[in-house]
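Please open the model in your viewer and keep the selection panel at hand. The tour below moves from one selection to the next.

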Amino acid sequence: MSSTWHADDLLLARYVDGQAGPLDGASLEQHLLRCEHCRSRLATHVAAPPLELVWTRLREQAQAPAPGPVERLLVRLGVSAPDALLIAVAPSLRTSWLFGLAATLAFVVLSVTYGGARGLAFFLLVAPLVPVAGVAFAYGPDVDPTYEVSAAAPYAAPGCCCCARGGPHDLPSAGAGLRRTAAGAVLDRGRLAAPGAVVHRRGAGRLDLDPPDGRGRRAGRRLVGAVATAAFDRQPAAVLAPALLVLYAAVGLAAALVLRLRLRHLTLLGSLT
Amino acid sequence: VRADTASGDPELLAALAAGDLGAMRVLYERHAPWLSARLSRRCNSSEAVADVLQDTFMALWKGAERWRGDGEVAAWLWGIAVRRLVSRLRGRPDALVLPLEDLSAARPAEPSAEELVLLGVEYGDLGAALGRLSPEMRAVVQATVLDGLTTREAARLLAVPENTVKTRLHRAKAHLRHDLTEGLA
């Protein structure tokens, strides 16, 4: 199409500012589709930095390797992209991840089926403890590649163990998945919108270099506070119900068992026990 | 296939289909500015505009071979971009879409009688007639007639039922026809 009409600079500037009237704007838009000359002149009126930003993102996205079938499936199922990548490229993590997922789902199903108000209190009490057990199982020179690093920390191992709940190596364990789903489940049930859930989420997938004891203590205080507030706000007597006492005993027993099993690895120097 | 800044758009598209990122850069420099300006007139969130721009060129990167080779590459790109905009704005009822700008915005100050006469000459009756349409009708005219969306896509963009789009477009055309024939008489 041979066209002798071209937009003047004033119109182009007003168009880019959104100040051109409807008819001018629409005419220019139709003209731009066919006129390379006016398109390149319009480009001088458009601010470049935002476009460069988009280009950077675009280049990264275009050059990123295409995700494999496993990763795509996981993302489609709702797993976050970094987690999906980790699971897809590290086959050794897959089994434990699947196991953790199955355990989480079983726990959720059980708590929904059999849990009443009591179940909720129990859940709020146990949910923060399970990840600690997970970390304790994943701690020690034979399973944890970063054991030497954590052993060099000037803190007692049980404390380290409690602090490490936010670390990346409990991601494939029951911990991260359980905490996330657990937080979601609490929210879904529409009650006790959960200071506890917030604490869980804050811990998920984070590794920073706060002094571990301060952080551990803070987290501990927060968790205890959360569980206590949540439970007492609803039903002060719930945490002392006889049926729960048995469960407390069971959890305590399990914790003692785990501690006994792992004690050798939980000291700074194995020979000191 | 190698392409450089002197190549035409179709050659660049062919190079891009063969995986040449440099060709996409050239196309981006040519088309991103006007696309972003045009999208900004339809959506007042710069973040959404940036997302749509990225989506559009990503679609190009993945599906450059889908270009049939006829017509203008620019028009084809706009077709992709405006549909990406529709899906980006889906479920956003907070009215991100601007209808064709208010005429008041086009004239910051009250125009003098002289200017009004000049404007009348310059814009003709269509501009005034468009200006007399209600904002809802103008939005429908813009989405369907000017942006080339189907009735269904326009309905999704404007968050109204399809039949409403049809009715409004019908009425808008009747209004315009009426106004223009009155102006001639």
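Leaving aside its neighbours within four places in sequence, which residues is B:Asp147 in contact with? With contact taken as heavy atoms within 4.5 Å, they are B:Arg38, B:Arg42, B:Trp78, B:Val82 and B:Gln142. Before going further, note that this is a predicted model, in which local features need pLDDT of at least 70 and side-chain atom pairs count only at pLDDT 80 or more, while totals for chains, interfaces and linings use all residues. Residues are numbered from 1 along each chain as its sequence is written, chains are lettered from A and ligands numbered from 1 in the order in which they are written, and side-chain values use heavy atoms, with hydrogens and water left out.

Stay with B:Asp147, which sits in the loop joining helix H7 (135-146) to helix H8 (151-158) of chain B; helices are DSSP runs of H or I with at least four residues, numbered from the N terminus. The residue is buried, its relative accessible area being 6%, where buried means under 20% relative accessible area, exposed over 50% and partly exposed in between (1.4 Å probe, protein chains only). Its side chain makes polar contacts with the side chains of B:Arg42 (2.7 Å) and B:Arg38 (3.2 Å). A polar contact is a pair of N or O atoms within 3.5 Å; within protein, one must be able to donate a hydrogen and the other to accept it, and residues adjacent in sequence count only if both atoms are side-chain atoms.

Next, select residues 22-32 of chain A, which form helix H2. Of its 11 residues, 9 are buried, so the helix is largely enclosed by the rest of the structure; among them are A:Leu23, A:Ala26 and A:Glu29.

Between chain A and chain B the count is 5 salt bridges.

Now show both chains together, where 32 residues from chain A and 37 residues from chain B take part in the contact. The area buried between them is about 3200 Å², with 63% given by carbon and sulfur atoms; buried area is the accessible area (1.4 Å probe) that two parts lose on being put together, summed over both. Select A:Pro22, A:Leu33 and A:Trp55, which supply 20% of the area that chain A buries against chain B, more than any other three residues.

Key:
Helices (H or I, at least four residues) and strands (E, at least two) are DSSP runs, numbered from the N terminus. A salt bridge is a side-chain nitrogen of Lys or Arg within 4 Å of a carboxyl oxygen of Asp or Glu.
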